[in-house]
Structures are given as structure tokens and as C-alpha cells.
Amino acid sequence: MEAYRYPQPMASEITPRSYFLSRRTLIAGAAGSMLAVGHTDQTAQAAAGHAGGEAGWPAPEKPTPRNDVTQYNNFYEFGTDKSDPAELSGAFKPLPWSVQVDGMVDNPRTWPLEDLTRQFGQEDRLYRMRCVEAWSMVIPWNGFPLAAVLKAAGPKIGARYVAFTSVFRPSEMPGQRGGLFALKWPYVEGLRLDEAMHPLTLLATGVYGEALPAQNGAPIRLVVPWKYGFKGIKSITRITVTDRQPPTSWNLMAPEEYGFYANVNPAVDHPRWSQGSEQVIGEGSLFRTARKPTQLFNGYAEQVADLYQGMDLRKDF
Ligand SMILES: Nc1nc2c(c(=O)[nH]1)N[C@H]1C(S)=C(S)[C@@H](COP(=O)(O)O)O[C@H]1N2
Ligand SMILES: [Mo]
């Protein structure tokens, strides 16, 4: 089953140092020694000798304060204001939960959430996140690579994309009951299969070391750190492997503003605003917002640029 290919960054490039140390998988600390990664069958050359953190891993940044991570959210099923998801999600009951994995796979299966976490574990991943609205956060997620689930499913030859579907529960989600602004429900998203298989692509079940709160996408959501935040579909009920590019909610809503790829690209402005810089949530003050320049692929170019070789990222934005 090798219908897809993807570059395999060293595990030490994609995982914060603390993860390795805390998992006690460090076999030898010397430069050039090998690391054994506990949760996979791979070994990786230690990325020793590079200044400032792991090679290729963006310079360590301070996580955004937990209050901002859990109270400044986009989750239109609960409303369009940033405070709505935290305030209006009280009726949402994420448990019990299961995720249906189907489509062009050898082993379609409906996974109870507990089985997913039991089988694939929970790693810590500190990811820089960048919303299409030109704000950013640094978020300590807990979860497992989407690739693990896809490998268990076994994509068939000819499979090229992965489609995701969010939960549809108007009785628990006020934003799904209409209102002035509404996306088409359920919220849907998609990735190319190689993007979905990339080791940075995470299914998150927790944040800040605790189960995801409703507003962050309980109980399981996608995290793709080199793409604009809207690719990170929340409260996933279904993952479908397919040979067609799947529809995506924001692209259906406004195709000239939100493309399928949604790669963070400071050189391609949104039609209504610049993407050249971003507001750093949780920093600055009432009188001065903290801004910084936006990086290509949100700083993950070293890990993911290969996926887009030969593509015109202005056309496929
Ligand atoms: N189902 C669903 N998923 C969603 C959204 C949404 O409205 N509904 N908003 C997206 C957008 S625009 C962003 S920026 C991120 C925000 O994730 P966070 O609130 O955990 O930071 O979730 C994404 N996933
Ligand atoms: Mo967003």
C-alpha cells in the first residue's frame, strides 16, 4: 500500500525537545547519535549541533495563554463572535463519540474515541497557528498523527484526497439553527492525501494537557499548522478517503477568498486584507497590538514545501 508519498522529516524536527525528554526515548545524548521514537517503528538521526532548538523546528515560542486559547475561538456552529464558542457551547455533549473512517480504504471502520486514543496515544505538539483573519497563537496540542489512522485504514490505489465532516447537531449548536450568517452545515474540509499523511498533521484530542473543551473542537479535531486555521475542522465525525478533491466549507462560501489549499502565504493577500503580518494573540496591550511578519507556510516551509513543488501557489491558494 504505497499509493502516496510524502517527505519524512526527522521526528526530532517535528516534536518539541520536551516531548523526547519526557518520553525518555533519548538513547544517547551525543551529537550524531540516534533517537528511538517510542510510538513509531522508526529511528531518526538526532538533530544535534544546531543552534536554538531542534533542527528545522521553528524557534521555540511561548505558548499563548490558556485563557486566550480557550476563549478566542472560531467555531461558527456556536456563533460568529470570538467569545460565542466558549459562551454558547454549554449544551454540547461531546461524549460518547465515534469517528467513521470510510471511502477508498481496505479497512473501513467506525472508531469509538477511546479506541483511537488507546491505539494511537497522545503526543504533545507545540504548534504555531495562523488564522486567515491575520491573527496567530502558539498552542500546546495533544493528539496523534492523522497518518496513523489512515495507515490503519489502508488507502486503496487511486486514493488522492481525504474529506472530513463535522458534527451536525442543531439542538446543541445554536449557530446551526440559522441566524444572519450561516455556513452550510455540516462544516466540511479536505486535504490531499499526501498532506493528510504528513507527520505534522495531527488529530488533536486535547489542549494544554486536558481534553479539548467544546470551543476548541471537542472531542477530536484536525490541526494542520502550515495552513490557515479554517482547515482545522472541529468535532470530526467522519473521515473519508476519496479520489476527488472534496468540497470545503469556506471555499463553498466564498471561493475567491478561500482556496482549497489554504497554505499560509504572506505574498498572497486576502482580497480584503494583507496576509503579510499577523496579530499575536495574548501579547501586546490595550494600547498597542503585538504584530509580527507572517512566514511562508507559517514557518514550516522546511518540513512541507516539498509537497507543493511545481505548483503555482498564487493560483492554488
Ligand atoms: N467545525 C468547525 N471547525 C472549524 C471552524 C468552524 O467554524 N467550524 N472554524 C475554523 C477556523 S476559521 C479556525 S481559525 C479554527 C480555530 O480553532 P481554535 O478556536 O481552536 O483556535 O478552527 C477551524 N475549525
Ligand atoms: Mo480562521
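Me: Which residues does R192 touch, not counting residues up to four places away in sequence?
Reply: This is a predicted model, where local features need pLDDT of at least 70, side-chain atom pairs count only at pLDDT 80 or more, and totals for chains, interfaces and linings use all residues. Side-chain values use heavy atoms, with hydrogens and water left out, residues are numbered from 1 along each chain as its sequence is written, and chains are lettered from A and ligands numbered from 1 in the order in which they are written. A contact means heavy atoms within 4.5 Å. By that rule, R192 touches R160, Y161, F260, Y261, L307, Y308 and M311.

Me: Is R192 buried or exposed?
Reply: Buried means under 20% relative accessible area, exposed means over 50%, and partly exposed is in between (1.4 Å probe, protein chains only). R192 has 12% relative accessibility, so this residue counts as buried.

Me: Which strand is R192 found in?
Reply: Helices (H or I, at least four residues) and strands (E, at least two) are DSSP runs, numbered from the N terminus. The run that holds R192 covers residues 188–192, and that's strand β8.

Me: Why is β8 largely enclosed by the rest of the structure?
Reply: In a regular strand the side chains alternate between the two faces of the sheet. Here V188, G190 and R192 point one way from β8, while E189 and L191 point the other way. Both sets are buried. So β8 is largely enclosed because the buried residues number five of the five.

Me: Which residue of β8 is the bridge partner of T165?
Reply: Two strands pair if DSSP finds at least two bridges between them. Strand β7 (residues 161–166) runs antiparallel to β8, and five bridges join them. In β8, the partner of T165 is V188.

Me: Is M253 buried or partly exposed?
Reply: M253 sits in helix α8, which spans residues 249–253. Its relative accessibility is 38%, so M253 counts as partly exposed.

Me: Over which residues does pLDDT stay under 50?
Reply: pLDDT is the predictor's confidence in each residue, from 0 to 100. The chain averages 85, and 81% of the residues score at least 70. The stretch where pLDDT stays under 50 still has 96 contacts beyond four places in sequence in the model, and it's residues 1–56.

Me: What percentage of the residues of the chain count as buried?
Reply: The chain has nine helices and 14 strands. Out of its 317 residues, the buried share is 53%.
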